[in-house]
Amino acid sequence: DAAPHLAALPSLQVLNLNDSGMSGDAAVDALTYGAQIAAWVQTTGQPVPEGSARWPSLHLRQLHLCRTRLSPAALPALLALPSLEFLDARGGSVRPPHLQALQARFGLRSVQGAVLARCN
């Protein structure tokens, strides 16, 4: 259960899971669950589901998921993050066309293959 660990890191801004052996899709699910719950509560007006309150809404700025088997199916969940500035999704099945929604949402540019960064 990742919730207690994530709840202990509410100010987490940079996470590097490159080559960690962790599933990129599972990592994205865990890292964005709090933000997805918050968005659902805001959209529906429903109370926070029991047990979900302990999941923080993380404000990750950099997420390194190189060679974690990240799939395009996991990318929409990243849209729930409020301040993503860098994403490394190389080494899996994610290709530049899969990243267009993230580029638009966060004002990111393709740096190399499946790497996005905010360029000022």
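This is a walk through the model, one selection at a time.

The model is predicted: local features need pLDDT of at least 70, side-chain atom pairs count only at pLDDT 80 or more, and totals for chains, interfaces and linings use all residues. Residues are numbered from 1 along each chain as its sequence is written, and side-chain values use heavy atoms, with hydrogens and water left out.

**Stop 1: the sheet**

Show the strands. Strands are DSSP runs of E with at least two residues, helices are runs of H or I with at least four, and both are numbered from the N terminus. Here 5 strands make an open, mixed sheet in the order β1-β2-β3-β5-β4. Select 14–16 and 109–112: β1 and β4 stand at the edges with a single partner strand each, so one side of each has no neighbour in the sheet. The twist averages 15° from one strand to the next; the angle is taken between N-to-C directions, on a scale from 0 to 180 degrees, with axes fitted to C-alpha atoms.

Val14 stands opposite Gln62 in β2.

β4 and β5 form a hairpin with 2 residues between them, and Gly113 in the turn has a positive phi of about 55°.

**Stop 2: helix α2**

Select residues 24–44. α2 has 21 residues and reaches 28 Å from its first C-alpha to its last, close to the 30 Å expected at 1.5 Å a residue. That expected span is 1.5 Å times one less than the number of residues. Centre on Thr32, where α2 bends by about 50°; the bend is the angle between axes fitted to the seven residues ending there and the seven starting there.

Now colour by accessibility: buried means under 20% relative accessible area, exposed over 50%, and partly exposed in between, with a 1.4 Å probe and protein chains only. The buried residues of α2 include Gly24, Ala27, Leu31 and Thr32. After the helix comes Gly45, with a positive phi near 75°.

**Stop 3: the core**

Select Leu63 and Leu87. These have the most contacts inside the largest nonpolar core, which has 29 residues. Such a core is a set of buried Ala, Val, Leu, Ile, Met, Phe, Trp, Tyr and Cys residues joined through side-chain atoms within 4.5 Å. α2, α3 (75–78) and α4 (100–106) each supply at least two residues of this core. α2 gives the most, with 4 residues.

Show what surrounds Leu63. Leaving aside neighbours within four places in sequence, Leu63 is in contact (heavy atoms within 4.5 Å) with Leu15, Leu31, Leu78, Leu84, Phe86, Leu87 and Asp88.

**Stop 4: the loop between β2 and α3**

Select Thr68, which lies in this loop. Is Thr68 buried or exposed? Thr68 is buried, at a relative accessible area of 2%. Not counting residues up to four places away in sequence, Thr68 touches Leu17, Asp19, Ser20, Met22, Ser23 and Gly24.

Most residues other than glycine have a negative phi. Arg67, however, has a positive phi near 55°, and Arg69 a positive phi near 65°. Arg67 counts as partly exposed at 44% relative accessibility, while Arg69 counts as exposed at 52%.

Key:
Pairing = 2+ DSSP bridges.
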